[in-house]
Amino acid sequence: MWVLLAIAVVVVGFALRLNSMLVVTAAGIVAGLIGGLSPVKILNAFGDGFAGSRSVTVFIVTLPVIGLIERYGLQHQARKLIGKLAVVTTGRLLALYLLIRQGTAALGLTSIGGPAQAVRPLIHPMAAGAAERRYGKLPEKLQEKIKGFAASADTVGLFFGEDIFVAIGSILLITGFVDATYGLQLEAIDIALWAIPTGICALLIHGARLLYLDKQLDNLAREARVEAKEAAK
């Protein structure tokens, strides 16, 4: 029971908006000490966990690469390219990305997209470029709305697509937990098959929201023009 104090450390740390890495580390140390582990064993546990998940450090390589690409004009070129395609609207572009993201995630290719790899350097600039072609310079309210929907297209596509792939970590975690806790023989393929209707619903619902975004942007742009005229008076 006392080990649950580590959760309290996490809650308090996040509530105080402290550094998340420090909060999680402190919570791990608290849990280890309450559980009777020596400082050396706690350190070994941290080391084993880090060595067993070295893939999480890939960002050390990817972030500088993305930064260099942006420095040399990737976002500018993306905006310029999408600005020439009159048929592409912000909603249509994001709906297409949602379809691609969810489809590739369903095949186990979860690392193709992502906020750092695709949304920030490519998808958001292209969506903003499509909006700028129609409305001109975007007010801050429109910019923030496009950012949010660009991020949501990636998040929804990944979340509801990856569970369709049998060998994904979330499915293996579910089957392992259910089998160990309840003594059931839950097959991963069953979970993946039941995830397909949910994934289709998510695609249709959020895809419709993304397509409806174009109408919302029209209304917001109209309101922004009216406010600008009133301010000019």
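I'll start with one side chain. Phe160 is partly exposed, because its relative accessible area is 26%, and buried would need a value under 20%. Keep in mind that this is a predicted model.

Phe160 also has an aromatic partner, Phe159. The count of aromatic pairs comes to 1. In that pair, Phe159 and Phe160 sit edge-to-face, with 5.1 Å from centre to centre and 75° between the planes.

The largest nonpolar core has 26 residues. Which elements give two or more residues to this core? They are helix H6, residues 90–106, helix H7, residues 115–135, helix H8, residues 140–162, and H10. H7 gives the most, with 7 residues. As a general remark, nonpolar side chains in soluble globular proteins tend to be buried together.

Within the largest core, Leu94 and Leu210 have the most contacts. Take Leu94, and leave aside its neighbours within four places in sequence. Leu94 then touches Ile123, Ala127, Phe149, Ala150 and Ala153, and also Leu210 and Leu213. There is a second, separate core of 5 residues, including Ile168, Ile171, Ala188 and Ala192.

Leu213 comes up again in H10. A kink of about 30° in that helix is centred on Leu213.

To recap: Phe160 is partly exposed, Leu94 and Leu210 have the most contacts inside the largest core, and H10 has its kink centred on Leu213.

Terms used. Residues numbered from 1 in each chain as written. Predicted model: local features only at pLDDT ≥ 70, side-chain atom pairs only at ≥ 80, totals over all residues. Heavy atoms only, no water. Bend = angle between axes of the 7 residues up to and from the residue. Helix = DSSP H or I, 4+ residues; strand = E, 2+ residues; numbered from the N terminus. Phe/Tyr/Trp six-rings, centres within 6.5 Å; stacked < 30°, edge-to-face > 60°. Buried < 20%, exposed > 50% of the residue type's maximum accessible area, 1.4 Å probe, protein only. Core = buried A, V, L, I, M, F, W, Y, C linked by side-chain atoms within 4.5 Å. Contact = heavy atoms within 4.5 Å.
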